[in-house]
Amino acid sequence: MERLVRLLASFIVAVMAVSMFYVFTPSRFISDSVVHAEPGLTAVKDDFESSPLQWNFFTGNGGTGIFAQDGTTSQDGSSSGKLSGNLAGSGQYVGAYRSFSDLYDIQELRFWVKVTNSSQRVSVRLKDFTGQWHQQQLILQTTTNWQLIDLTSFGSSNHWGGANDGVWHGYLEAIGFTMDYTVGVSAPAAWFDQIEVLAPYIGYNEHPQRYSDYTDLIDQIIASGTKWIRLSPTWGSIETSKGVYNNALLTKLDDIVNRLTEGGVMIDWILGYTAPWASSMPGDPAASSYKPANWADWEDFVGFIADRYHNQIMTWEVWNEPDHTGFWKSSTTDYKTLLQKAYNKLKVVNPKNKVLMGGLAIISNNGGLGGWFDSLMGLGQVGNYFDVINYHAYGTSAELVDQYNGMIDVINKYASEIGNKPIWITETGYSTLGGSGKEWNKADYADQLYVMNKRWPKIEKMFWYNYRNTASSPVNPTEDNFGLVDNSLIPLKAYSHYQSLGGAESDFRIQNSYPSQAPNALTLYDVPAASGDGSHVVDDGPNKRIPAGTYMYFRINDNWLYNANEGLDPNVYVDVTYLDTSGSWQLQYDSTSIASKNAGTVNMTNSNQWVTKTYSLSDIKFANRQNNSADFRLAAGSSDLVVNKVIVRKESNTGRVLLQTSDKWKLVEHIVDTDPTHEAYNPVALMGGVESRKIEADNKYFYFNVSDGFIRAGDTNVTVGIMFWDSGTDKIKLQYTTAGNAYKAVDIVKTNTNTWRYVQIPISDANFTSSKSYKSDFRIGNGYDGSVEYVSRVDVFK
């Protein structure tokens with residue numbers, strides 16, 4: 001979608017500055033201490049606590065048995081689902097399945113299983129939205145205890161029905177389990193509990209049809225681990241006149257859709273804009289922004305595209321930014337008609353199709369009460385013609401909060417009609433306007449979006465605009481610089497930040513599938529070595545095996561974490577999921593003191609269970625100083641070590657800013673004013689060998705704005721940490737906003753140590769509403785005693 005019209009506005013200049021998934025077959029088993037970087041939202045959960053169960057029992061080839069609620073054992077709660085069978089011969093099986101009243105897009109499936117005999121053959125069946133069943137046999141550990149199965153790959157060579165091609169097609173329609181006859185196990189039983197379907201959270205906007213190198217672009221998008229992409233081929237480019245189609249473009253679109261869906265990426269297809277020949281204003285330069293002259297032409301086009309991709313795409317968005325006159329110049333009533341006719345046609349082609357209302361631009365907060373969205377809903381019965389609420393989120397963190405609140409106000413007003421429909425943000429992002437120095441702002445903006453949106457459970461998905469920097473002719477600095485990668489597909493800093501919202505996670509399957517792209521496509525990857533102590537690592541199914549006495553090296557993309565990000569991220573958590581056999585192993589990491597510091601030895605207990613060990617590291621450097629330019633390594637002791645995955649997580653409750661010539665920050669911004677006559681003038685200074693900034697007189701302050709995505713009105717308990725030069729016995733004054741006092745003060749008495757000193761000030765009555773000068777939340781000054789004060793770092797904790 002083009003942002004040219006609305007992005008002439010200046011708000012982007014003022015903007016403050018997936019998760020990836022891993023896929024493999026067959027299943028893996030993990031302990032209850034498993035950690036996930038960004039698992040997405042829990043779409044559905046079955047814990048077998050309610051009766052009657054919503055499961056259907058079935059048999060095959062003469063097998064008999066039952067599926068029932070069982071209160072004698074459970075992984076959690078008081079009951080589980082028990083599948084029992086009497087299987088006397090080869091080919092016999094029993095099973096049970098559950099269909100869902102709604103369809104769920106799926107990133108991850110987790111459930112617990114317990115068997116009477118570890119040699120039993122137990123499989124999971126999953127039905128996609130085409131009606132195709134995919135069956136995978138579970139690899140069970142040699143235990144009769146509860147085991148956690150975690151699936152992220154759903155297509156299978158064992159498949160039937162529907163598309164019948166072995167490719168997983170989008171949404172989950174049903175889940176089932178089977179037990180097959182196993183020699184020596186004539187009366188098997190298996191219990192299932194705590195089934196969770198997790199939906200992906202992040203996606204990209206992109207226009208692969210515009211590029212000659214679209215295959216490279218798609219390969220990189222698939223390698224990034226995303227599950228969603230938003231496409232916008234226009235009606236007029238596809239149907240050039242009534243019933244006449246651009247076959248060259250359609251052939252290209254077919255290839256794009258095939259590549260994306262085969263790579264596990266789901267598509268949100270925008271239906272629009274009016275073909276010029278079909279417009280009610282055919283002679284107007286903006287003919288595509290007006291309603292069709294004949295609604296039947298619109299219905300025919302919608303039906304044509306939906307039918308062409310009926311086994312590949314089931315998510316359709318009706319127009320883009322219909323509340324913006326740059327995209328829709330007809331009336332709100334006409335948009336209701338457009339939406340209604342598209343909805344009805346899509347449901348005729350496939351009743352399972354999911355329809356999004358056009359993503360609202362929400363300019364001047366017109367998404368709230370009295371705005372365009374309110375007016376649309378006021379026409380009546382509009383909620384019958386979309387399944388997902390949809391808007392676009394651009395601007396400062398405070399503006400994003402206002403946009404969300406405005407949408408919620410309208411949703412609540414029409415709650416009886418809208419019901420529990422989810423919200424998708426199908427566009428959000430940040431343009432650097434062509435300034436390379438603003439890439440830091442873009443990366444911080446991605447972090448802000450994550451900490452903000454995860455507080456709003458109604459937001460089900462978020463799509464970044466745009467995946468790739470464009471190259472407009474003539475050059476358009478705003479439109480061309482939203483990308484997570486540059487125009488040559490080289491990842492920018494924000495790419496790793498957006499991909500690793502919640503943590504950077506290894507993906508051995510993707511790395512094996514795209515070995516040349518892994519160093520750029522993955523934020524965390526294991527470093528393959530052709531020789532030396534890291535060259536012995538081998539695949540072990542979906543896992544990695546480190547032979548005894550050798551290492552497995554890992555590197556973090558420097559755009560996400562390098563040299564502790566100059567002090568912004570000195571503390572990280574590393575989660576290692578491994579098979580608990582015999583022997584021991586270590587995590588050795590690049591620290592501030594040595595390049596291979598031992599974080600601790602794990603002595604395994606031979607439980608033959610998967611276990612997750614979490615390391616808390618407070619002195620990382622991560623400057624690629626280990627062999628193979630790695631940041632840390634896993635060292636196998638006297639026995640082999642089998643690793644399932646590794647996750648690196650930053651602190652999630654901390655905002656920080658380093659005051660330097662070019663400030664470095666996350667979630668907290670220091671206001672830089674270069675005018676010496678202004679009170680926020682803080683020149684750069686070098687004190688005690690540390691770069692900092694200073695105030696030189698009374699009524700001069702360091703001003704700070706905290707992202708509203710991190711801390712905002714209602715978050716009263718906050719701690720502010722200050723690193724200052726402790727010279728003299730005068731005072732430093734912190735002033736912050738409360739509900740009744742715009743300048744509540746806390747004094748810090750200096751102790752004349754002539755060193756850098758760090759203090760933390762707990763606050764219990766904060767009211768950070770960006771209401772101070774420079775739209776700030778708090779400021780630091782001297783004690784109005786004429787002293788010069790130096791500050792090098794400020795932290796905010798919640």
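Modeller: Strands here are DSSP runs of E with at least two residues, and helices are runs of H or I with at least four, numbered from the N terminus. This is a predicted model, where local features need pLDDT of at least 70, side-chain atom pairs count only at pLDDT 80 or more, and totals for chains, interfaces and linings use all residues. Residues are numbered from 1 along each chain as its sequence is written, and side-chain values use heavy atoms, with hydrogens and water left out.

Biologist: Is N624 buried or exposed?

Modeller: Buried means under 20% relative accessible area, exposed over 50%, and partly exposed in between (1.4 Å probe, protein chains only). N624 has a relative accessible area of 16%, so N624 is buried.

Biologist: What is phi of Y784 near?

Modeller: Y784 sits in the loop between β45 (778–782) and β46 (789–797). Y784 is a residue other than glycine, yet its phi is positive, near 55 degrees.

Biologist: How many residues of α9 are buried?

Modeller: Helix α9 covers residues 439–453, which is 15 residues. This helix is mostly covered, and the buried count is 15 of its 15 residues.

Biologist: Which peptide bond has omega near 5 degrees?

Modeller: Look at the loop between β2 (41–46) and β3 (56–60), where P52 lies. The bond is cis, and it runs from S51 to P52.

How values were computed. Expected span 1.5 Å × (residues − 1).
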